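The following exercises ask the reader to work through selected features of a protein model.

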Amino acid sequence: MELELRHLKTVRTIAEAGSLTRAATALGLAQPALSAQLRRIERTLGGELFERGRHGVRATALGELVLERARLVLPAVSELQQEAVRFARARAGRKAQRLRLGSTHGPLLGALVDLLAAAAPDAQVTTHASWSERELAALLAEGRLDFAVAGACGNATPPDAEHLVWQEFAVDPVFVMLPEAHPLARAPEVELAELADEEWACVPGDGCFADCFTAACARAGFSPGRMYETDIASCAHLVQVGRAVGLCRATFPTTPGIATRPLAGTPLRWRHLLGWHPATQRAETAATVLAQARSAHTDAAARSESYADWLAGGGHRTTGPGLPL
């Protein structure tokens, strides 16, 4: 048997743990398996590395020699590996543009990735989905994301607005998702007060949307019932089986078993925002991604039958910053 780096790591772990039992736990091995491995290492090196006693193990003179070399070799190899990875990534970065996108809106993120892939075939696009706008803002600030698609209700300030750039690229009404068998499923629009006795489903968030919804219900004369906060697929299921009615953005795609309807008077609206850190993004790159985000939203709206019906009935979509719904 030839000596390998993993053998040196095993010897170091045994020395640091002070016993085969603790070392086996640290290495995720059974103690007999670790003992057998140690015996093979000792045969390869020509002698015992540890003295066994009632209170654990202690390195022999040969063990101390091996440990001294291991403490030099293992960090050097780890540093070499890290440098090699950094070098390879730097060369790859020079060959192809990389875009790291985050979003709280899965369908819109997918449409944006598709458009960016078509516009820049050589670009490497990776994504990160999160329900938390604050998490996305933190990743932008730390340089771990290049752009983030997030949102805010009403006129709420997006997170970390003093350090990040947030550009509004569309404003949508908030719709309600109803089971197809619901008495209001075929109504052109739904009064919020007509849903006073319902339970609700919504994707969680750390903005003020929950407070805005509660305030809208209060203006309609009721307090909302139980709210299920879960992922969008689970929200859709709860609506399909009649457990709850859901709140969704108007771009929610047409889904079997669900009717999406506008709320009369548009008591809630959702602003779509693209965020980036001004110190890490070039103006022309930000302008390109912003334009593609607007196109992604336009495409998503076109695929939503209920949104198209709402627009045909006199609703107004905005696609510019600061424009009222």
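The model is predicted: local features need pLDDT of at least 70 and side-chain atom pairs pLDDT 80 or more, while totals for chains, interfaces and linings use all residues. Residues are numbered from 1 along each chain as its sequence is written, and side-chain values use heavy atoms, with hydrogens and water left out.

**Exercise 1.** Describe how helices α1 and α3 cross and which residues make the contact.

Step 1. Helices (H or I, at least four residues) and strands (E, at least two) are DSSP runs, numbered from the N terminus. Helix α1 spans residues 5-17 and helix α3 residues 31-45.

Step 2. The two axes come within 11 Å and cross at roughly 115 degrees; axes are lines fitted to C-alpha atoms, for helices over the stretch in contact, and angles run from 0 to 180 degrees between N-to-C directions. The crossing of α1 and α3 is left-handed, meaning that the near helix is turned anticlockwise from the far one by less than a right angle.

Step 3. Contact (heavy atoms within 4.5 Å) involves R6, H7, T10, V11 and I14 of α1, together with L34, Q37, L38 and I41 of α3.

**Exercise 2.** Determine which residues of α7 are buried, which are exposed on its other side, and what covers the buried ones.

Step 1. Buried means under 20% relative accessible area, exposed over 50%, and partly exposed in between (1.4 Å probe, protein chains only). In α7, the residues F209, F213, A216 and C217 are buried.

Step 2. These residues lie on the same side of α7 because they cover an arc of only 100 degrees around the axis; the arc is that of the directions from the helix axis to the C-beta atoms. An α-helix has 3.6 residues a turn, so residues three or four places apart point the same way.

Step 3. D211, A218 and R219 are exposed on the other side of α7. The cover over the buried residues includes β5, β6, β7, β8, β9 and β11.

Step 4. F209 itself has 15% relative accessibility. Beyond its neighbours within four places in sequence, F209 contacts C153, V174, C202, L247, L268 and W270.

**Exercise 3.** Carry out the corresponding analysis for helix α10 (residues 305-312).

Step 1. The buried residues in α10 are S306, Y307 and W310. Their directions fall within an arc of 100 degrees, so they line one face of the helix.

Step 2. E305, D309 and A312 are exposed on the face turned away from the buried side of α10. Among the elements covering the buried residues of α10 are β6, β10 and α9.
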